[in-house]
Amino acid sequence: MHEDCLFCKIVRKEINAKEVLRDEHVVAFHDLNPQAPTHVLVIPTVHAEHLSDFAKQGNPVTAGRLLAAAAEIGTRFGPNGYRVVMNEGPDAGQSVHHLHAHVLAGRPLAWPPG
Ligand code: AMP
Ligand code: ZN
């Protein structure tokens with residue numbers, strides 16, 4: 001756990017979030033600044049700065065649960081389809097340095113993204 005990390009604080013319930021799912025491996029909650037009618041973030045309960053850091057930790061159970069949770073939320077909120085995105089580093093515009101998968105649904109999603 002990282003003391004000052006925003007999303008670790010959500011895991012510890014020190015900051016409120018509109019949670020849609022929580023278990024020992026992941027927490028999912030609505031994004032504060034939604035980019036689609038449904039915009040949910042799925043995060044591991046352990047701190048990892050981004051996907052590369054998370055992959056190095058090599059915990060296949062947590063990694064599998066993160067993907068499964070994204071699929072559960074996608075199918076729940078996006079019956080017509082959904083998109084899962086992870087931003088890493090400055091070129092991708094990562095602004096919170098605790099790994100998160102964005103689950104976007106509820107409107108047609110243009111491709112390629114910006
Ligand atoms: P990224 O730019 O990929 O790092 O995404 C970070 C996301 O976290 C953005 O979509 C923000 O709107 C979202 N965000 C930042 N703070 C909060 C918060 N306290 N609760 C929910 N979402 C947040
Ligand atoms: Zn963290």
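**View 1. Ligand 1 takes up the space of the largest pocket.** The model shown is predicted.

**View 2. Asp 31, Asn 87, Ser 95, His 100 and His 102 come nearest to ligand 1.** They belong to a set of 15 residues around the ligand. Two members of this group, Asn 87 and His 100, return in the next view with their distances to ligand 1.

**View 3. Oxygen atoms of ligand 1 face polar atoms of Asn 87, Gly 93 and His 100.** In Asn 87, a side-chain N or O atom is 2.9 Å from a ligand oxygen. His 100 also uses its side chain: a polar atom there lies 2.9 Å from an oxygen atom of ligand 1. Gly 93 brings its backbone instead, with an N or O atom 3.1 Å from a ligand oxygen. On its own, ligand 1 has 510 Å² of accessible area, and the protein covers 83% of that.

**View 4. Phe 7 and Phe 29 form an aromatic pair.** The structure holds one such pair. Its geometry is edge-to-face. The ring centres are 5.4 Å apart, and the planes stand at 80 degrees to each other. Why does this pair tie together parts that are 22 residues apart in sequence? Phe 7 lies in helix H1 and Phe 29 lies in strand E2, so the pair links these two elements.

Conventions
Residues are numbered from 1 along each chain as its sequence is written. Chains are lettered from A and ligands numbered from 1 in the order in which they are written. This is a predicted model: local features need pLDDT of at least 70, side-chain atom pairs count only at pLDDT 80 or more; totals for chains, interfaces and linings use all residues. Side-chain values use heavy atoms; hydrogens and water are left out. A residue is near a molecule or strand if one of its heavy atoms lies within 4 Å of it. A polar contact is a pair of N or O atoms within 3.5 Å; within protein, one must be able to donate a hydrogen and the other to accept it, and residues adjacent in sequence count only if both atoms are side-chain atoms. Accessible areas come from the Shrake-Rupley method with a 1.4 Å probe; for residues, only the protein chains shown count as cover. On a 1 Å grid over the protein atoms alone, a cavity is a set of points where a 1.4 Å probe fits but cannot get out, and a pocket is an open set with protein on both sides within 12 Å along at least five of seven lines; lining residues have an atom within 4 Å of a point. A molecule sits in a cavity or pocket if more than half of its atoms lie within 2 Å of its grid points. Rings of Phe, Tyr and Trp (its six-membered ring) pair if their centres lie within 6.5 Å; planes under 30 degrees apart count as stacked, over 60 as edge-to-face and the rest as tilted. Helices (H or I, at least four residues) and strands (E, at least two) are DSSP runs, numbered from the N terminus.
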